[in-house]
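Please look over the model below. The report that follows takes up a few local features, a metal site and a ligand site.

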Amino acid sequence: MHNKFKLSFLITVLLIIVIVTVSCLLTKHTYTKTDYALNTIVKITIEAKTANQAKAMATLATDEVKRIENLLSCYKEESDVYRINNYAHTEPIKVSGETYELIKRCLYYNRLTDGAFDITVKPLVDLWNINSANPQVPRDADIKSALEGVGINNIILMEGNRVYIKNPRTKIDFGGVAKGYCANQIKQILENNGITNALIDLGGNIYAMGKNQNGDSWNIGIQKPFAQRGETIKSIKLSNQSAVTSGAYERCFENKGNIYHHILNPKTGYPAESDFKSVTVISTDSELCDALSTALFVAGMQKVEAICKKIDSIYVMAVNNNDKVTEFGNKSK
Ligand code: AMP
Ligand code: MG
């Protein structure tokens, strides 16, 4: 009798241990970290097996944003971009393989978009200085002069990760692609660490990994252009996909009734006179989304379809000037 009691007590204890262990293994912990880097609000939401793991992963993600900022910033003196912009016209500058490959891909995006995406817009970005407290419309002559530095032919990629800039006026700016590159990097790091569900939000440059806390695809709202932040014009469901929006409303100023914004036409030197108020590109490659959202905004309605045909893995939602949403590309991919 005594032994029987002992046995049933042991079985009960064992059962409790098993139930507690299984429920611990099944419980998911979600953690959201917000930070500021790459000139934007970074918000990372991660689901992991333990609260500590979720926290540690979110820190890995924000550390990665800072690492990329240190590599690509135009202002940090040790960054590859600063060194290229300041010294690569006197002699070839050795940069990290990562920066070198990113430049290479940006040259590809330039060709893909007939020049609408161009990292050599930097002299124009500096001239328009749209982030300053009191931006002004530059003089025509200054725009013409800045345009002389614009053109990817001025970038010479040499062996050994060296970059040479032919024209002393030419400078590069990864502002149109850095967040997308960064989102891809974070996604890869999280994936390598066994994370399947996460939402990477770099100032609206989204990568939606797996599912949300309810087990559904992530619901992403597309900002209604020029409306209050958070007011959406349309929502999309994403799982293992990125969505990136470029919009005139993001950074702009008004002068004599005209709106001047931060997405520049590399051919004219002026803010792109677009058919669109915003362009959102959806695909599994956030860098491609970022480069193409900028480029399609510049290229306009006439060229969107042709560019979408060249890459069948993207889906585009463009808000035209009457707030109508037009969709292009292949939704299922
Ligand atoms: P996004 O918000 O991704 O559309 O990028 C806009 C930022 O990219 C600007 O603030 C500039 O730094 C840079 N940029 C502006 N026009 C272009 C362009 N045509 N091609 C590439 N980068 C651009
Ligand atoms: Mg972009």
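Buried means under 20% relative accessible area, exposed means over 50%, and partly exposed lies in between, with a 1.4 Å probe and protein chains only. At 60% relative accessibility, T90 counts as exposed.

This is a predicted model, in which local features need pLDDT of at least 70 and side-chain atom pairs count only at pLDDT 80 or more, while totals for chains, interfaces and linings use all residues. Residues are numbered from 1 along each chain as its sequence is written, chains are lettered from A and ligands numbered from 1 in the order in which they are written, and side-chain values use heavy atoms, with hydrogens and water left out.

**Magnesium site**

The magnesium ion (ligand 2) is coordinated by G176 (O), D290 (O), D290 (OD) and T294 (OG1), at 2.0 to 2.4 Å. Donors here are N, O and S atoms within 2.8 Å of the metal (3.2 Å for Na, K and Ca); water is not among the atoms, so sites may look incomplete. Along the chain, the donors follow the spacing G-x113-D-x3-T. G176 lies in the loop between β5 (162–165) and α7 (178–192), and T294 lies in helix α8 (residues 286–299), so the pair ties together parts that are 118 residues apart in sequence. Helices (H or I, at least four residues) and strands (E, at least two) are DSSP runs, numbered from the N terminus. G176 is buried, at 18% relative accessible area. T294 is buried too, at 15%.

**Ligand 1**

| Residue atom | Ligand 1 atom | Distance |
|---|---|---|
| D118, backbone N or O | nitrogen | 2.9 Å |
| G176, backbone N or O | oxygen | 3.0 Å |
| S246, polar side-chain atom | oxygen | 2.6 Å |

Taken alone, ligand 1 exposes 490 Å², and the protein buries 96% of that. Accessible areas come from the Shrake-Rupley method with a 1.4 Å probe; for residues, only the protein chains shown count as cover.

**Loops**

Most residues other than glycine have a negative phi. L38 has a positive phi, near 50°. L38 sits in the loop between β1 (29–37) and β2 (40–48). With a relative accessible area of 15%, L38 is buried. N161 also has a positive phi, near 55°. Its place is the loop between β4 (155–158) and β5. N161 is partly exposed, at 23%.

T90 lies in the loop between α3 (80–87) and β3 (93–94). A polar atom of the T90 side chain lies 2.7 Å from the backbone oxygen of Y87. T90 and K4 are 86 residues apart in sequence and 88 Å apart in space, C-alpha to C-alpha.

S132 is found in the loop between α5 (122–128) and α6 (140–147). At 24% relative accessibility, S132 counts as partly exposed.

Conventions:
Polar contact = N/O pair within 3.5 Å; in protein donor to acceptor, adjacent residues only side chain to side chain.
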